[in-house]
Amino acid sequence: MTIAHRGVNQENGVPNTLESLKKTIKYHPDYIELDVHMTKENKFIVLHDNNLKKLAGIKAHPEDLTLAELKKLNVTANNHQTKLTDFDTYLKYANQHHQKLLIELKTTPNNATDFANIFAKRYCANIIENHHQLHTLDFQTLMILQNDIPKGNLNYLMPYNLTIPEENIHAYGMRYSTLSPDFVAINRQKHKLVYA
């Protein structure tokens, strides 16, 4: 399985933007991975970092700004410049091109609980219908989402392999360098997926 991390291939655009999605879709990956943050007014922006300093050169967090304010920002990476993309636009484009997404929900202490409920209410049906998958580092968010998202569409993302697989987790994502043969073998026996 091939997953385009942050929606880019060979640095072909600014990660997590519509510009890079359009280019990366042409390679037909199994999934395009992206990151989603909540905005000030509880809308959703496609963005990895919880600080806009690196991409946009401003000291602010996504939840400090409205969607309209975020979409006006120029963002630069990989010798490319473009605008940030709202999640609705990104999702619509992927669906129109039959591209499956692996959506990472980025929570912060300011929005973790609300994030999961609002996101599930707006996007659960779309995610199931279009065979997208969600993953998150926040276990609380994962537990909230499992009421609305089938197990086959919901994964636990871990920065490091520090746990024994749990029964109610369908799939895990983690750094390849932290995978152990035992962890992979246990998951294989239980018919669970591991994304590296």
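This is a short tour of the structure above, one selection at a time.

Before you start, note that this is a predicted model, in which local features need pLDDT of at least 70, side-chain atom pairs count only at pLDDT 80 or more, and totals for chains, interfaces and linings use all residues. Residues are numbered from 1 along each chain as its sequence is written, and side-chain values use heavy atoms, with hydrogens and water left out.

**Stop 1: the main core**

Select Val36, Phe44, Phe87, Ile103, Phe119 and Leu134. These have the most contacts inside the largest nonpolar core, which has 38 residues. A nonpolar core here is a set of buried Ala, Val, Leu, Ile, Met, Phe, Trp, Tyr and Cys residues joined through side-chain atoms within 4.5 Å. Buried means under 20% relative accessible area, exposed means over 50%, and partly exposed lies in between (1.4 Å probe, protein chains only).

Now colour the elements that each supply at least two residues of this core: helices H1 (18-25), H4 (87-96), H5 (112-129) and H6 (139-145), with strands E2 (31-38), E3 (44-46), E7 (101-105) and E9 (154-157). Helices (H or I, at least four residues) and strands (E, at least two) are DSSP runs, numbered from the N terminus. Which element gives the largest share of this core? It is H5, with eight residues. In soluble globular proteins, nonpolar side chains tend to be buried together.

Next, centre on Val36 and show its contacts (heavy atoms within 4.5 Å). Leaving aside neighbours within four places in sequence, Val36 meets Phe44, Ile45, Leu47, Phe87, Ile103, Glu104, Leu105, Lys106, Phe115 and Phe119.

**Stop 2**

Select residues 133-136, which form strand E8. In a regular strand the side chains alternate between the two faces of the sheet. Both faces of E8 are covered: Gln133 and His135 on one side, and Leu134 and Thr136 on the other, are all buried.

Two strands pair if DSSP finds at least two bridges between them. E8 pairs with E7 in the parallel sense over four bridges, and Leu134 in E8 stands opposite Ile103. E8 also pairs with E9 in the parallel sense, over three bridges. Which residue of E9 is the bridge partner of His135? Look for Asn155.

**Stop 3: the hairpin of E4 and E5**

Move to E4 (residues 74-77) and E5 (residues 80-83), which pair in the antiparallel sense over four bridges. Thr76 stands opposite Gln81 in E5. The hairpin has two residues between its strands, and Asn78 there takes a positive phi near 55°. Asn79, in the loop between E4 and E5, has a positive phi of about 60° although it is not a glycine. Most residues other than glycine have a negative phi, and most peptide bonds are trans. Asn79 counts as exposed because its relative accessibility is 83%.

**Stop 4: two loops**

Select Pro15, in the loop between strand E1 (3-4) and H1. Is Pro15 buried or exposed? Its relative accessibility is 19%, so Pro15 counts as buried. Not counting residues up to four places away in sequence, Pro15 touches Arg6, Val8, Ser20, Ala77 and Asn78. Glu11 is also in the loop between E1 and H1, and its phi is near 55°, a positive value in a residue other than glycine. Glu11 counts as exposed because its relative accessibility is 54%.

Then select Thr39, in the loop between E2 and E3. Thr39 counts as buried because its relative accessibility is 2%. Among the residues that Thr39 touches, not counting those up to four places away in sequence, are Phe44, Pro62, Leu67 and Leu70.

**Stop 5: empty space**

Rolling a probe the size of a water molecule over the atoms shows where empty space is left. On a 1 Å grid over the protein atoms alone, a pocket is an open set of points with protein on both sides within 12 Å along at least five of seven lines, a cavity is a set where a 1.4 Å probe fits but cannot get out, and lining residues have an atom within 4 Å of a point. Grid points are joined across faces, edges and corners, and a volume is the space filled by probe spheres set on the points.

The largest pocket has a volume of about 490 Å³. Select His5, Glu104, Leu157, Met174 and Arg175, which lie nearest its centre among 20 lining residues. E2 and E7 are the elements that give two or more residues to this lining.

For the largest cavity, with about 50 Å³ of space, select Leu142, Met143, Gln146, Lys151, Leu154, Asn168, Ile169 and His170, which line it.
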